[in-house]
Amino acid sequence: MTALDDRVQQGFIAAGIPAELVKELLEAFTEAKRRFYRDDLRPSEIEGARFSEAVFRILEWATTQQYTPLGGNLPKVPTLMGKLEQATAAPESIRFHIPRTLRLIYDIRNKRDVAHLSDGIDPNQQDATMVVRNMEWVLAELVRLHHNVSATEAHGIIVALVSKDVPLIQVFDGFPRVLKQLKASDHMLALLYWRGVDGASFTELHSWARAGMRANLKRTLNALDTKDLIHLNGDRYVLTHLGERDVEQRKLLEPQ
């Protein structure tokens with residue numbers, strides 16, 4: 001577990017959320033993101049339902065100090081939503097916004113029949129993308145509510161948490177090895193995606209680059225900056241939202 005993972009987990013537990021629910025929440029989120037990066041879209045949607053069930057239990061606990069035991073059957077989603085709406089002492093996000101987002105994830109899974117697709121049918125990438133993006137928002141909202149941080153800080157924590165889980169990169173004693181032969185610009189994009197909101201200095205990127213990339217590294221980074229894929233923030237390069245989408249849409253994170 002990284003320091004960031006531990007910060008998120010301990011923040012939830014310090015807020016009183018039962019440890020087994022925190023564990024289930026973070027495991028479901030991490031597994032869905034990992035499968036999404038690997039282009040394994042169907043399990044992303046299935047894990048989205050697992051994630052939703054963990055969140056509904058957390059919302060039960062937040063409003064009643066009780067929750068449906070793991071392994072037990074949750075009430076039907078409309079019933080859960082109705083009970084949460086009636087918890088007038090709770091924040092609106094717990095009563096309305098998070099439950100409605102979870103309902104959307106459930107609807108994608110059930111109405112598209114993700115859990116029962118035959119082997120000859122490919123899952124829909126748009127559905128999987130929608131599921132994981134909504135999961136990110138829900139987790140960021142839970143962080144905001146239970147870690148006493150702003151919405152911007154919560155989003156940054158989740159972006160950083162997500163970015164560290166990149167199958168393409170394996171870290172050896174602090175050195176990130178990119179497990180695929182990429183051109184220099186894509187190599188840098190993958191590294192900066194992995195670094196998340198912390199970004200990386202030129203010195204770090206130079207040391208992580210393959211030998212043949214180092215001589216023209218400044219030119220490579222300038223070209224990415226010109227395309228608005230990265231931004232030089234002080235002395236550190238960070239990926240822009242456009243850069244994040246480019247990495248994900250071109251499936252750069254899948255190891256060969």
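The following legends describe close-up views of a predicted model.

Residues are numbered from 1 along each chain as its sequence is written, and side-chain values use heavy atoms, with hydrogens and water left out. Because the model is predicted, local features need pLDDT of at least 70 and side-chain atom pairs count only at pLDDT 80 or more, whereas totals for chains, interfaces and linings use all residues.

**Figure 1. Overview of the chain and its confidence.** The secondary structure comes to 11 helices and 5 strands; helices (H or I, at least four residues) and strands (E, at least two) are DSSP runs, numbered from the N terminus. Of the 256 residues, 49% count as buried, where buried means under 20% relative accessible area, exposed over 50%, and partly exposed in between (1.4 Å probe, protein chains only). Among contacts (heavy atoms within 4.5 Å) between residues at least 6 apart in sequence, 63% join residues at least 24 apart. Mean pLDDT, the predictor's confidence in each residue on a scale from 0 to 100, is 85 for the chain, and 84% of the residues reach 70 or more.

Figure 2. The structure holds 3 aromatic pairs. One of them, formed by Phe 29 and Phe 51, is tilted, with 6.1 Å centre to centre and 45 degrees between the planes. Rings of Phe, Tyr and Trp (its six-membered ring) pair if their centres lie within 6.5 Å; planes under 30 degrees apart count as stacked, over 60 as edge-to-face and the rest as tilted. Phe 29 belongs to helix α2 (residues 19-37) and Phe 51 to helix α3, 22 residues apart, and the pair thus links distant parts of the chain. Phe 29 counts as buried because its relative accessibility is 2%; Phe 51, at 0%, is likewise buried.

Figure 3. Arg 50 lies in helix α3 (residues 41-64) and is partly exposed, with a relative accessible area of 26%. Not counting residues up to four places away in sequence, Arg 50 touches Glu 24, Glu 27 and Ala 28. Arg 50 and Ala 32 are 18 residues apart in sequence, and their C-alpha atoms are 9.3 Å apart in space.

**Figure 4. The end of helix α1.** Ala 14 is found in helix α1 (residues 3-14) and counts as exposed because its relative accessibility is 70%. Ala 14 and His 146 are 132 residues apart in sequence but 8.6 Å apart in space, C-alpha to C-alpha.

Figure 5. Strand β1 (residues 169-172) pairs with β2 in the antiparallel sense over 4 bridges; two strands pair if DSSP finds at least two bridges between them. Val 171 stands opposite Pro 176 in β2. The hairpin has 2 residues between the strands, and Asp 173 takes a positive phi near 50 degrees. Strand β2 (residues 175-178) has a covered face, Pro 176 and Val 178, and an uncovered face, Phe 175 and Arg 177.

Figure 6. An open sheet is formed by 3 strands in the order β3-β5-β4, with antiparallel pairing. β3 (200-201) and β4 (230-233) stand at the edges, each with a single partner strand, so one side of each is left without a neighbour in the sheet. Strand β5 (residues 236-239) is joined to β4 by 4 bridges, and the two run antiparallel. Here His 231 stands opposite Val 238 in β5. Helix α8 packs on the sheet, touching β3, β4 and β5, and its direction makes about 90 degrees with that of β5. Helix α10 also packs on the sheet, touching β4 and β5, and its direction makes about 110 degrees with that of β4. For these angles, axes are lines fitted to C-alpha atoms, for helices over the stretch in contact, and values run from 0 to 180 degrees between N-to-C directions.

Figure 7. Asp 186 lies in helix α8 (residues 184-195) and counts as buried because its relative accessibility is 8%. Leaving aside neighbours within four places in sequence, Asp 186 is in contact with Arg 250 and Leu 252. In helix α11 (residues 241-249), the buried residues are Gly 243, Asp 246, Val 247 and Glu 248. Lys 251, which follows α11, has a positive phi near 55 degrees.
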